[in-house]
Amino acid sequence: MKNKAKRAETIAAGLFLLPEMAVMLVFVFIPMIYALYLSFIKWNGFQKDRSFVALENYELIFKNHEFWASIKVTFIYMAAYVTLLFLLSLALALLNHSVKSKAGQLYRTLIFTPHAVSLVIAGVIWTFMFSAPKGYINQLIGLFGIKPQAFLGSRSQALGCVIVISLWIAAGYYMIIFTAALKEIPMSLYEAAALDGAGVFQKFWYITLPGLKDTSIFVFVVSTIGALQLFEPVQILTSGGPAKATNVIVKYIYDTAFQLHDMGGASAAAFILFVIIMLLTITQLKITKMEI
């Protein structure tokens, strides 16, 4: 009877998982296999003629200066974005957690709202905000006697603007995640620490941070993956410019496929990005000694 019950549970679980597995198969695994196949093929995406070129696409990419420049831009963005996002979302969560009145609900709504805004709409809004010389931000800083800035038109400022916009979009989402984790830390620990004479900083360092370890790992891993896949804000705001200053690797892949019509080269670059993401994720999990 027990074996029959277990078999029935297994079958039921399989039936529940079947639709999700079918979706994953059709929209994830089959396209991945096809993209891997294309990475060994020379094809412009239009003609029927395709030629097998083995590792030639990979060799050309590794010799391409623009590819390595896009890798550099992506890693600079990733380092700044992931670090600032962690600090900002944690600070917002701590502030949110400390507000116990109904004002906390309004606070959470205001901070989370940008995450619900369409990326296209967000891009249009921030284009007006950062436009030179009479954008809203330039008008604001003009009140303090600061000269108008080029912002998205500046090679030195454009990537920073993209980072600011990305933080504006994502901070509310990760704030909610940190807030949920903060609520799971027993208040008795803080009460005991207070009785022992612990200050605010000591409570944060010895209770709050250890209690947020698993959540912090999640935030670091997921935000790193998201940073390496950055595309929409760059495409909308700068299109990779000025002078390739914001040309991240996904933008490079997009241009290779749909501007240069090199599907094989784009697929090879996409698989290199996949390997980079996989290695970074495994490294992060190993460093934090989290099971994978």
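Helix α10 (residues 213-228) passes α13 in a right-handed crossing, where right-handed means that the near helix is turned clockwise from the far one by less than a right angle, and left-handed that it is turned anticlockwise. Helices here are DSSP runs (H or I, at least four residues), numbered from the N terminus. This is a predicted model, in which local features need pLDDT of at least 70 and side-chain atom pairs count only at pLDDT 80 or more, while totals for chains, interfaces and linings use all residues. Residues are numbered from 1 along each chain as its sequence is written, and side-chain values use heavy atoms, with hydrogens and water left out.

Two packed helices are described by the angle between their axes and the distance between the axes. For α10 and α13, the axes come within 10 Å and cross at roughly 165°; axes are lines fitted to C-alpha atoms, over the stretch in contact for helices, and angles run from 0 to 180 degrees between N-to-C directions. The pair is therefore roughly antiparallel (under 35 degrees counts as roughly parallel, over 145 as roughly antiparallel, 65 to 115 as roughly perpendicular and the rest as oblique). If you follow the contact (heavy atoms within 4.5 Å), you will find Ile217, Phe220 and Val221 among the α10 residues, and Leu273, Ile276 and Ile277 among those of α13. This contact has ten nonpolar, three polar and no charged residues; Ala, Val, Leu, Ile, Met, Phe, Trp, Tyr, Cys and Pro count as nonpolar, Asp, Glu, Lys and Arg as charged, and the others, Gly among them, as polar.

A pocket is an open set of points on a 1 Å grid over the protein atoms alone, where a 1.4 Å probe fits, with protein on both sides within 12 Å along at least five of seven lines; lining residues have an atom within 4 Å of a point. Of its 19 lining residues, Ala35, Ile253, Ala266, Ala270 and Phe271 are the closest to the centre. Two or more lining residues come from each of α1 (2-38), α12 (249-258) and α13 (263-287), with the largest share, nine residues, from α13. The lining has 17 nonpolar, two polar and no charged residues.

Elsewhere, α3 (residues 65-98) and α7 (residues 158-183) have axes that come within 6 Å and cross at roughly 40°, which makes α3 oblique to α7. Their contact contains 23 nonpolar, five polar and one charged residue.

Finally, visit the loops. Most residues other than glycine have a negative phi, and most peptide bonds are trans. Between α5 (119-130) and α6 (136-142) lies Pro133, joined to Ala132 by a cis peptide bond with omega about 5°. The bond from Gly241 to Pro242 is also cis, with omega near -5°, and Pro242 sits in the loop between α11 (232-237) and α12. Phe151, in the loop between α6 and α7, has a positive phi of about 55°.
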